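These are my notebook entries on a structure that I had not looked at before. I went through it topic by topic and wrote down what I looked up.

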Amino acid sequence: MTTFLATAVFAVLKCTPGDRRQCPSVGINAGQGVYDITGPSVGINFMGMANPSQKGTGIHIRLRARAFAFSSAEGTSPIAFVSLDAGMPGFVLKKRVLAALERELGMVYTEANLCISATHTHSGPSGFLEHTLFQFAGSGWVPQTLDAMVNGTTLAILRAHRSLAPADVRLGIGRVPNASISRSPTAYLLNSAAERAMYPEGDKDDTMVQLTIRTASGNASAIVNWHATHGTSMNNTNTLVSGDNKGWAAYLLERAVNGPTSDMRRVGDGPFVAAFAATALGDVSPNTRGARCRDTGLPCDAIHSTCNGFVQQCSSSGEGRDMFESTKLNAERQVQVASMLMHAADTQPALLGPVRAVHAFVKMPGLEVASAQGQPQHALCKAAMGVSFAAGTTDGPGMFNFEQGQGNSSNPFWRFIGDILHVATKEEQECQHPKAILLSTGSIAFPYPWAPDTAPIQLLQLGQLVIIAVPTEMTTMAGRRTRAAVKARLVQRGVLSDTEGVVVIAGLSNDYQDYTTTFEEYQQQRYEGGSTIYGPRQLDGYIQELLRLADNLANGTIARSDPPPVDFTDRIVQTADRPKLEAPPAGTAFGDVSLDVPSLVKAGQRVSVTFIGGSLNNDLRSQDTFARVVMARAGARDGVRAHGTDSAADWELVAEDSDPETRVSAVLNATTGRHYDVTVSWDVPPDAPAGVYRIIHT
């Protein structure tokens, strides 16, 4: 068990001007904010695994938007970085957030200086992406999901902006051991031996880059870090909304600093905010036991991720007894390093500005790219998904026995379906080679466009830190190449110091456009290669355009930009189930207990109670809770035991549905079909004090 300090105490050191390591970052203002973005948790497919049976039944951990604003004392425009507990952001999400911010603040935040990234949890509701393929991967178009995300993200940014104040911002780097593995190690080996030798840590990058933000008086107010691991500790059988390992890590560190749930302090409401953001995680899995066959326990086929020819039998897992414990273990490992970096902030360099950003939209299909390997120019392709995309990954296998590393589909039905939608032309096939095209998504526009074609790219500078924001999941080596190329250009142009400058990738930012592998990895056509939508030179295209932005950042000029994507959501038909009339069984009322708790429970056990209730989608209770666990205060216990009268003042709050010790599920009653059986469970902490407790469902 890992123990963390409940408060963070820092020394304020005297320093001399020019001492970058000891002087506070005078001239930088910082602010932070957090808000609930939990959408509909019942009956909506989760976004990420594309598993139609993975529909939500309730909540394990609420989802949050964590926002950080920075500005210089000179009055230049601020920048804001947001990390969402979500599978990914979307162009429409950012557009609506910017519109909401403009109504509150005027034109303070724009496409250029706001970055919205996602942690890539695969246990959040779908329905917020406009392109057709992503709607098929979830529950279609669900405005309730998008509205919750827009509202919570906007309010988190407003909190961050309105709390801007002089701050001491420190930059630390650590390593997180035993929290990730490569899920495509054979593809990684296709990169040249010389390039691989540059990275002795091998096929995964366990680096954590962290900003520790402290007030002018030296108290910790926030941290935000970037570390590569997928949000798939919770597997594709999970049906409870969860922030996965990064959401759990944020919870643990915020609770350690702010204190546990109580009448005085609710988890997820600040004031200290901790974000564990996504970076180049494309081929990185948190399931450190690796891929094994479910039937034999032996390792899966390394290239195809199959067991006796079947992809469904190959999956990976973490080190816990179940996915919940594995998620917690992974979160604790991230928190241990984040906490160490936070407490060592005095030894880290301070960021002294400038604070600025540059952004561009890039039309990707047809973009002429000069290859980094010195090959002739190559135009990027229209978006297309390969056969191996349908195979899924070892974190979540597909359903129709497609295989990773597969050159052609062995499933004639899906080839037939793909051909009905669009028969890939000879030019499209040659452009994407060796990808065997399953769906030519960039060429299908019925009933709406199936795939994006315009990528938002962005650089945000905070002193000696530059954040590269891309809308894709880069593999480990793709991320390394991108960081190295951009840093070299920024050093050459005098923007960063060669020794102190740090470049980090914020993956899944501002939109979602699948994966990006290296040219070499693409040749094997594992899942990541099959999902590299613009073809084998896609990475070269991103690097080329990011270098152009680096020049704009150095020159202080506005980047040339293609037109933004088209928002066609006014044409999309809502596909989520409409609310239905609900009624309790005859002789009962909503809120009645149908399955009560035992009278005596020991610490360390799980206690559950089932209520007669309604769908949790009827009222999302944003920034609130569906469940409370309360303990009778000492002076009220005798009266409670005697079933006497009591009031709310007789009870103190000890847990709610933001705490991972609780689980709330709502299942439609099969007999009546008109009410939900709402079950609230509480894993009683081993150190819970003896007393009288009550579980409340709202």
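How many salt bridges are there between domain 1 and domain 2? I kept in mind throughout that this is a predicted model, and in it I counted 6 salt bridges between domain 1 and domain 2.

Entry on the domains. I looked up the domain assignment, which gives domain 1 as 28-363 + 451-564 and domain 2 as 592-697. Taking the centres over C-alpha atoms, I found domain 1 and domain 2 separated by 34 Å. I then asked how many residues take part in the contact, and noted 30 residues from domain 1 and 29 residues from domain 2.

Entry on the interface. For the area buried between domain 1 and domain 2 I wrote down about 2300 Å², with 42% of it on carbon and sulfur atoms. I also looked up polar contacts across the interface of domain 1 and domain 2, and the rule finds 21 residue pairs, both residues being at pLDDT 80 or more. On the side of domain 1 that touches domain 2, I noted that β1 (28-36), β3 (55-59), α3 (143-162) and α6 (244-258) each supply at least two residues.

Entry on salt bridges. I reminded myself that side chains of opposite charge can pair when their charged atoms come close. A search of the whole structure finds 34 salt bridges, and I looked up two of them by residue. In the salt bridge of E104 with R162, the N to O distance is 3.2 Å; I placed E104 in helix α1 (residues 91-105) and R162 in helix α3, so that the pair links parts of the chain 58 residues apart. In the salt bridge that R633 forms with D263, I noted that the closest N and O atoms are 2.8 Å apart.

Entry on aromatic pairs. My search of the whole structure found 8 aromatic pairs. Among them is the pair of F81 and W226, which is edge-to-face, with 5.4 Å from centre to centre and 65 degrees between the planes. This pair links distant parts of the chain, since F81 belongs to strand β5 (residues 79-84) and W226 to strand β10 (residues 220-227), 145 residues apart.

Entry on the backbone. I began from the point that most residues other than glycine have a negative phi, and most peptide bonds are trans. Which peptide bonds did I note as cis? One runs from G353 to P354, with omega near 5 degrees, and I found P354 in the loop between α7 (323-343) and β16 (355-363). Another joins F446 and P447, with omega about -10 degrees, and P447 sits in the loop between β22 (437-439) and β23 (454-462). Last, I looked up H120, which is not a glycine and yet has a positive phi of about 80 degrees; I located H120 in the loop between β6 (114-118) and α2 (132-136).

Methods. Residues are numbered from 1 along each chain as its sequence is written. This is a predicted model: local features need pLDDT of at least 70, side-chain atom pairs count only at pLDDT 80 or more; totals for chains, interfaces and linings use all residues. Side-chain values use heavy atoms; hydrogens and water are left out. Domain bounds come from an automatic or database domain assignment. Contact means heavy atoms within 4.5 Å. Buried area is the accessible area (1.4 Å probe) that two parts lose on being put together, summed over both. A salt bridge is a side-chain nitrogen of Lys or Arg within 4 Å of a carboxyl oxygen of Asp or Glu. A polar contact is a pair of N or O atoms within 3.5 Å; within protein, one must be able to donate a hydrogen and the other to accept it, and residues adjacent in sequence count only if both atoms are side-chain atoms. Helices (H or I, at least four residues) and strands (E, at least two) are DSSP runs, numbered from the N terminus. Rings of Phe, Tyr and Trp (its six-membered ring) pair if their centres lie within 6.5 Å; planes under 30 degrees apart count as stacked, over 60 as edge-to-face and the rest as tilted.
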